[in-house]
Amino acid sequence: MPVSAARSLAIILVVAAATFATRVVPFLVFPKGKEIPPLIQYLGKVLTPAVIGMLVVYCLKSTPVLDAPHGLPETIAVAVTAGLHVWKRNNLLSIGVGTVLYMVLIQGVF
Amino acid sequence: MSGYKEAFKKAFPYTIPVLTGYLFIGIAFGIMYAEKGYSFLWAMLMSLLVYAGSGQYLAVNFFAPGVSFFQVIFMTLMVNVRHIFYGISLLEKFNSMGKKRWYMIFGLTDETYSLLCTTKVPEGVAEDKFLFAISLMDQSYWVLGSAIGALAGTLIPFHSEGIDFAMTALFVVIFVEQWMDRKNRIPEVIGVAAAFICLQIFGADSFVLPTMLFIIMILLVARTRLERKGDAICQ
């Protein structure tokens with residue numbers, strides 16, 4: 001271990017506290033029993049689909065588009081996952097086939 | 001404890017994509033942490049107390065001489081800052097969950113947030129137990145994955161490169177599911193476009209906070225238009 005056990009434990013506790021702090025903010029601002037303003041209710045509803053959109057981009061953020069294979073494995077795997085899901089609407093099938101396809105593509109094809 | 005068994009049984013199938021993803025990104029974390037000289041018990045402790053994917057990957061670098069606690073706090077806040085906004089969608093659901101809500105707040109990772117907001121509670125299960133079951137199972141996969149990685153990461157018998165795509169695929173599937181409901185489409189497009197633009201401007205390491213702010217700004221500007229399209233998106 002590069003630092004002492006006591007310091008390691010302290011680091012973990014500090015990271016845990018800082019992580020929890022980011023997650024708890026809205027619940028401190030709008031605690032139980034306090035009326036949630038209509039503007040925040042509105043944001044709560046429209047934020048989820050927007051965040052899902054962001055997370056798709058977030059997952060793909062490190063895709064090297066300028067170098068070969070120019071993000072082709074990611075493009076193909078995302079398209080197949082989405083297409084299969086529109087067709088069959090089966091979560092596990094779409095995710096399973098998409099993931100295995102991606103692994104085959106980056107390990108064997110490109 | 002009545003009803004919990006049923007809740008876990010009903011919730012399990014919804015968590016299988018997270019099971020796949022968390023086992024493997026958990027394993028990757030365990031390997032990284034073990035390479036620093038930490039046993040699987042340390043990896044499990046961190047996954048139990050911290051429970052954050054990219055946050056824990058980053059945190060591995062904190063275990064080095066010369067890293068100050070100020071840096072630890074600052075960098076952790078920066079990598080997790082998007083989570084500040086997640087709770088807004090879950091205020092009503094969590095506030096009706098009694099003491100369990102503290103665990104629910106603690107467990108608000110990207111994947112769990114997405115499941116909690118978009119999964120319809122099946123017939124015959126109490127909502128609070130169902131949501132709690134999802135959160136608890138998701139974290140157990142994460143803890144298990146990090147332990148496996150730290151214990152036996154180098155012994156994994158098959159070539160697992162790319163398996164973390166399960167996480168991307170999970171979000172793609174949720175994206176498609178949400179898309180089926182017409183009123184979600186504009187927010188989804190706003191999310192993708194804002195993230196894409198901010199990614200080009202700020203780069204992969206620091207585009208998330210600008211993206212969140214950009215998204216909220218557009219959503220506020222478009223409020224009258226979007227509210228006319230109906231409500232109950234995250235219900």
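1. Let me start with the interface: the contact between the two chains takes 59 residues from chain A and 82 residues from chain B. Two residues count as being in contact if their C-beta atoms, placed from the backbone, lie within 7 Å. On the side of chain A that touches chain B, the elements that give two or more residues are α1 (5-29), α2 (38-59), α3 (72-88) and α4 (91-109) of chain A. Of these, α2(A) gives the most, with 19 residues. By class, this side of chain A has 41 nonpolar, 14 polar and 4 charged residues. For the classes, Ala, Val, Leu, Ile, Met, Phe, Trp, Tyr, Cys and Pro count as nonpolar, Asp, Glu, Lys and Arg as charged, and the others, Gly among them, as polar.

2. A word on the model before going further. This is a predicted model, in which local features need pLDDT of at least 70 and side-chain atom pairs count only at pLDDT 80 or more, while totals for chains, interfaces and linings use all residues. Residues are numbered from 1 along each chain as its sequence is written, and chains are lettered from A and ligands numbered from 1 in the order in which they are written.

3. Now chain A itself. Its secondary structure comes to 4 helices and 0 strands, running α-α-α-α from the N terminus on. Helices (H or I, at least four residues) and strands (E, at least two) are DSSP runs, numbered from the N terminus.

4. The dimensions of chain A may interest you. Chain A has a radius of gyration of 21 Å, whereas a compact globule of 110 residues would have one near 13 Å. The radius is taken over C-alpha atoms, and the globule rule is 2.2 Å times the number of residues to the power 0.38. Along the principal axes, the C-alpha atoms of chain A fill a box of roughly 50 × 50 × 30 Å. Buried residues make up 40% of the 110 residues in chain A.

5. Chain B is divided into domain 1 (4-162) and domain 2 (181-235), with bounds from an automatic or database domain assignment. The C-alpha centres of these two domains of chain B lie 25 Å apart. Their contact takes 5 residues from domain 1 and 4 residues from domain 2. The side of domain 1 that touches domain 2 has 3 nonpolar, 1 polar and 1 charged residues.

6. Finally, a local point: B:S54 is found in helix α3 (residues 53-59) of chain B. The C-alpha atoms of B:S54 and B:F29 are separated by 9.3 Å, and the two residues are 25 residues apart along the chain.

Key:
Buried ≥ 20, exposed ≤ 12 C-beta atoms within 10 Å, placed from the backbone.
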